[in-house]
Amino acid sequence: MRQAIAVETQSTESLPASLTLSLLDLFNLPLLVAHLTGALLLVTDRARQVLDLPENVGWKRLNLFGDVLRMDPQVLLGQIESGESEVDLHLETASGRLRARLERLPSSEWLVLRLEPAGNAQSAAVAQTTEPTVQSLLQEREITYRNLLAAYLRLQDVNRQKTVFLASAAHELKTPLAVIKGYYDLLLSGSLGKLNEKQCDILQESKDSCERLVRLVSMFLNYSTLESGKLVLYLRDNDLRDCLTELATRWHEAFQRNHVRLESVLAEKLPIFKFDYQKVQQTVANLLDNALKHTPAGGSVTMRADLHFWERRVAKEPPTTDRRRARNHEPNCVRVAVSDTGSGIAAEHHQEIFEDFVRVDRSSSGMGLGLAIAKRLVQVHRGKIWVDSELRRGCTFTFLLPIDNQ
């Protein structure tokens with residue numbers, strides 16, 4: 001369960017949901033939180049292991065009633081609405097029989113499911129009479145978990161309101177910015193009269209600022225889509241070489257204005273495979289934008305794409321000697337990399353730069369969302385992304401896209 005510790009709504013700081021979940025996982029409690037519709041909002045690691053649910057965020061596609069409990073939601077909700085504080089259930093799983101206690105948090109739309117081995121009820125009764133100290137500790141843990149859950153749910157509401165606000169504001173800004181950019185293009189084309197060199201320079205600088213605002217608004221819209229879980233992938237058979245060549249052509253002028261050389265090194269035999277054309281372009285565009293911002297005039301940025309063999313880790317691997325003999329070196333993914341000759345990134349920041357609103361260089365422009373969005377777009381394609389960099393030696397952002405259809 002991911003919410004905790006009652007937090008004032010006007011507090012200047014809030015407890016991150018990921019930290020809340022980590023705190024709950026310390027208690028090793030098998031807990032699930034769901035909406036009244038059955039949509040899962042939170043699953044602790046212990047619950048995922050006990051119920052054998054998908055790793056990462058795969059469990060978000062499951063429904064509490066249909067996929068976990070396999071019971072009619074109307075029956076369960078009817079019992080709760082009739083006045084029962086909680087409903088006792090029994091589940092048969094691969095690891096054995098479980099006792100499940102389902103309850104609704106007061107004055108909310110959240111359901112909490114707690115799991116324990118079927119024999120725990122009798123053991124708890126014995127422990128209550130013989131070990132009062134242990135029982136008091138269990139009660140304290142129960143209170144802590146309820147407080148964490150309550151705070152987490154409040155944070156979820158605040159986060160949802162923030163996402164809605166960002167989306168609304170971005171939509172309101174998108175149309176007037178498009179009109180302003182259109183007028184700049186019209187003026188610079190000379191259709192409304194001849195301009196002198198100074199006027200052209202001022203208009204071009206204003207147009208560049210307008211385009212930065214357009215990219216920022218687009219970033220907010222993409223972020224709100226990802227946060228709300230409404231992202232839709234349009235997987236079609238596409239040519240990655242054409243996709244990246246088109247993108248390089250589009251960015252050529254921006255690099256030229258900043259006196260940075262953009263090079264494309266694309267393998268000749270890139271296969272046709274299923275991916276979302278626009279989402280991949282958006283991912284690489286975010287990496288190019290990041291490279292351009294941190295590469296000084298006279299530097300260079302290189303975009304590469306080639307075939308690659310990605311040896312994915314599996315839960316059960318054969319012995320080392322057998323695995324070496326049977327290893328298949330046939331390419332199973334495409335590797336795309338964007339390298340620059342900028343200032344580089346210290347090793348201690350290599351992980352955090354992919355988090356939301358994180359900017360290592362505070363003097364640079366942007367909101368710290370480009371890399372976070374790129375990471376999520378790569379992950380929904382079943383790929384992975386990372387950075388290789390040292391200070392004053394530039395950096396290389398690389399991501400992998402599987403080319404199989406599985």
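Which residue's side chain does the side chain of Ser 339 join in a polar contact? The partner is Thr 396, at 2.9 Å. A polar contact is a pair of N or O atoms within 3.5 Å; within protein, one must be able to donate a hydrogen and the other to accept it, and residues adjacent in sequence count only if both atoms are side-chain atoms.

## Basis of the model

This is a predicted model: local features need pLDDT of at least 70, side-chain atom pairs count only at pLDDT 80 or more, and totals for chains, interfaces and linings use all residues. Residues are numbered from 1 along each chain as its sequence is written, and side-chain values use heavy atoms, with hydrogens and water left out.

Ser 339 sits in strand E10, residues 333–340. Helices (H or I, at least four residues) and strands (E, at least two) are DSSP runs, numbered from the N terminus. The relative accessible area of Ser 339 is 14%, so the residue counts as buried. Buried means under 20% relative accessible area, exposed over 50%, and partly exposed in between, using a 1.4 Å probe and protein chains only.

## The five-stranded sheet

An open sheet holds 5 strands in the order E2-E1-E5-E4-E3, with antiparallel pairing. Its edge strands are E2 (40–43) and E3, each pairing on one side only. On average, neighbouring strands are turned by 25° against each other, direction ignored. Axes are lines fitted to C-alpha atoms, for helices over the stretch in contact, and angles run from 0 to 180 degrees between N-to-C directions. Two strands pair if DSSP finds at least two bridges between them.

E3 (residues 87–93) and E4 (residues 96–104) are antiparallel and share 7 bridges. Leu 89 has Ala 100 of E4 as its bridge partner. E4 is also joined to E5 (residues 110–117) by 7 bridges, again antiparallel. There, Leu 102 is bridged to Leu 113, and Arg 104 stands opposite Leu 111. E4 and E5 form a hairpin with 5 residues between them. In its turn, Ser 107 has a positive phi of about 55°.

## Leu 213 in helix H7

Leu 213 belongs to helix H7, residues 197–227. With a relative accessible area of 43%, Leu 213 is partly exposed. Its C-alpha atom is separated by 9.0 Å from that of Leu 173, a residue 40 places apart along the chain.
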